[in-house]
Amino acid sequence: MADFYIRSARSLDRVLRDECSVKAAASEHADSGRVLAILINSLAYRSALMHALDESKVMKLEEKVFVLAPPSKSKVKANGKGKDPPTKSSKIEYPSKQALLLVLCHDLLFQSRGIQASKTWPPKVTLERYRASLHSSLVKLQIRQGKSRIQDLRSGALYQEMTARMPRWIRINSLRATREEVFDWLTENKFHLVTERELTGVKEFAESEHVPGLLAFHPKATSLLLKSGMYRENWIVMQDLASCFPAYILDPPAATHVIDATSAPGNKTSHLSAIMFSKPNPKPTKGRIDAFERDAVRFKTLLKRLAAVGALQTKPLAGIAGGNVIAQRKDFLTTQPHDFPDVTHMLLDPSCSGSGIVNRLDFLKEDDDVENDTTDTTTTDSGESKLAHRLRQLSEFQQLMIRHAFKFPALEKVVYSTCSIHAEENEVVVMKALDSEEAREKGWTLAGRKDVIPSWKVRGDRKVCAGKEEVAESVIRCIPGGEGDGDKPNVESCNGFFVACFVRTGERGGNAAVVEVAKKRVLDVQEEVGDDADDNDNDSDGEEDLSGAVSGSGNNAAANRKKKLQKRRKKQRLQAQQE
Ligand SMILES: C[S@@+](CC[C@H](N)C(=O)[O-])C[C@H]1O[C@@H](n2cnc3c(N)ncnc32)[C@H](O)[C@@H]1O
């Protein structure tokens with residue numbers, strides 16, 4: 001049983017080092033439910049427990065008992081001829097003494113059965129000797145803080161309310177169903193539309209005033225919705241309000257060429273596709289979205305999701321009408337902008353800290369009375385806190401991505417988003433991107449508030465924007481948990497999020513020739529993919545593309561297709577010249 005505490009403490013260390021979410025840390029264990037519970041509770045009582053451990057001085061006085069490590073020095077063999085070979089135990093990752101004490105102390109003080117380990121396990125024996133003094137520290141703290149019970153020392157209560165305020169958001173997937181079909185299903189199943197901001201009944205739902213086709217349900221309706229045929233048939237997509245902002249703001253016209261630079265799992269990509277298909281389209285083509293994803297596992301998820309919701313470009317023979325998304329496993333930073341001369345719109349939703357996602361349980365790492373996430377005080381070798389270090393790295397990567405996007409020759413609009421609450425990943429990135437060489441050279445600026453969901457009240461952080469009012473006004477921030485107090489689901493509540501919309505002003509007029517070439521290219525491309533999705537080779541990149549991933553075709557088949565495609569292109573060019 002000691003093993004349970006050692007494993008849990010190791011996972012707690014990973015969470016506290018910001019390496020993964022609480023859920024992800026627990027999911028690595030066979031008894032994930034039990035580990036999740038001890039992680040949540042140790043984190044929730046962390047500040048109270050740390051206070052008690054400090055006061056009792058157990059950490060200092062009994063340090064050796066809680067530092068689990070292999071025998072310090074390799075032993076010299078009995079015959080004195082050399083050292084033992086490294087044992088298996090030398091590879092074991094040991095938890096920090098702080099994490100081990102937290103999980104043990106939690107069970108000692110808050111579980112009626114106490115620490116569930118052998119009676120002779122030294123950490124258990126030792127900590128039990130301190131039980132009275134630890135408990136008395138907690139009682140004193142409780143009195144000092146004016147709480148009526150020790151359990152009220154649990155932090156995160158405010159955040160738990162926040163979670164409760166978040167409705168279950170669903171987006172009507174217009175690639176699979178009409179608004180009427182979805183509303184008919186809801187009426188048949190006794191759901192009714194309300195106009196109030198707060199949802200009180202499980203069968204109430206409301207429509208977002210910011211994004212069309214986005215409906216808010218009571219969280220308690222989730223299991224009913226998940227079981228419904230409507231969900232199984234992909235008429236609806238479970239997608240948070242804030243996560244629907246980027247595609248809605250990008251708003252690509254029908255029959256254009258769009259890039260989603262960082263796509264998996266693909267909710268924003270399929271939203272983009274649905275928007276393009278919903279527009280009047282005088283052209284015989286359906287446009288194209290190149291959806292890039294660099295991670296192999298996430299790429300598979302992307303393919304699966306896009307196919308399910310009807311966004312993926314499929315062979316006409318597949319029986320269902322194909323979408324307009326070509327998914328490619330590819331690092332966006334390796335793309336050559338000039339290979340995409342017709343791309344006019346781009347979505348950029350890169351990896352971020354995820355600190356805005358309310359139900360990731362990250363809030364458990366913070367205290368109610370701490371405004372900024374300053375709990376991680378551990379430092380790197382350079383003296384920078386680990387959080388600051390991580391944010392700096394993310395920020396640099398995000399800037400790189402935007403600056404790369406700015407290089408695409410015909411690009412007119414880029415929507416950048418994160419689900420982070422940190423200015424370093426949001427306003428700071430935007431300000432630096434605007435100040436970049438690429439932005440100045442190509443005339444990139446921010447779209448005004450009127451084009452970036454003006455009805456959304458919370459805009460950028462003015463202080464971080466260094467007095468640039470227009471920058472702060474142009475961008476959108478979503479505060480985790482959103483509007484309202486208490487725990488009623490509120491239609492203005494969503495995850496913490498940030499969106500900025502860059503538009504190009506400088507070269508656009510003078511770039512007509514490029515745009516013309518681009519337009520012609522997009523038509524060619526659409527004809528190619530429209531005829532046969534297997535023809536979707538990305539000649540030069542050498543990376544896996546959709547056709548390879550779906551059909552599993554080998555190199556020969558790919559080469560044949562390429563030859564066929566080249567022949568057809570040649571024939572088309574000749575025909576065009578003769579006309
Ligand atoms: C925040 S998620 C995107 C979520 C997605 N937009 C959605 O709404 O479903 C970021 C994704 O970008 C991928 N990614 C990060 N850097 C990338 C790069 N340089 N090129 C392509 N994909 C990248 C990550 O693997 C991750 O899947």
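Author: Start with contacts, where contact means heavy atoms within 4.5 Å. Among contacts in the protein with a separation of 6 or more, 74% are between residues 24 or more positions apart. This is a predicted model, in which local features need pLDDT of at least 70 and side-chain atom pairs count only at pLDDT 80 or more, while totals for chains, interfaces and linings use all residues. Residues are numbered from 1 along each chain as its sequence is written, and side-chain values use heavy atoms, with hydrogens and water left out.

Reader: How many helices and strands are there in the protein?

Author: Helices (H or I, at least four residues) and strands (E, at least two) are DSSP runs, numbered from the N terminus. The protein has 23 helices and 13 strands.

Reader: What share of the residues count as buried?

Author: Buried means under 20% relative accessible area, exposed over 50%, and partly exposed in between, with a 1.4 Å probe and protein chains only. By that rule 50% of the 579 residues are buried. The accessible surface, from the Shrake-Rupley method with a 1.4 Å probe and, for residues, only the protein chains shown as cover, comes to about 28000 Å². Carbon and sulfur atoms own 52% of that surface.

Reader: Where does UniProt place the feature "binding site"?

Author: UniProt positions are given in the numbering used here, feature names are shortened, and annotations may be inferred rather than shown by experiment. The unreviewed UniProt entry puts "binding site" at Glu-293, Asp-331 and Asp-349. These are spread over 57 residues of sequence yet cluster in space, with a largest C-alpha distance of 13.4 Å.

Reader: Is Glu-293 buried or exposed?

Author: Glu-293 is buried, because its relative accessible area is 8%. Glu-293 sits in strand 7 (residues 288-293). Beyond its neighbours within four places in sequence, its contacts include Thr-262, Arg-298 and Gln-328. A polar contact is a pair of N or O atoms within 3.5 Å; within protein, one must be able to donate a hydrogen and the other to accept it, and residues adjacent in sequence count only if both atoms are side-chain atoms. One case is a polar side-chain atom of Glu-293, 3.1 Å from the backbone nitrogen of Ala-264.

Reader: Where is Asp-331?

Author: Asp-331 lies in the loop between strand 8 (325-329) and strand 9 (343-348). Asp-331 is partly exposed, because its relative accessible area is 23%. Its side chain reaches the backbone nitrogen of Leu-333 at 2.8 Å.

Reader: Which residues are closest to the ligand?

Author: A residue is near a molecule or strand if one of its heavy atoms lies within 4 Å of it. The ligand is surrounded by 20 residues, the closest being Glu-293, Arg-298, Asp-331, Phe-332 and Asp-349. A nitrogen atom of the ligand is 2.7 Å from a side-chain N or O atom of Asp-331. Taken alone the ligand exposes 600 Å², and the protein buries 92% of that. Helix 15 (267-277) and helix 17 (386-405) each supply at least two residues of the shell.

Reader: What should I look for in the backbone?

Author: Most residues other than glycine have a negative phi, and most peptide bonds are trans. The peptide bond from Ala-264 to Pro-265 is cis, with omega near 5°. Ile-453, in the loop between strand 11 (444-446) and helix 20 (469-474), has a positive phi near 40°.
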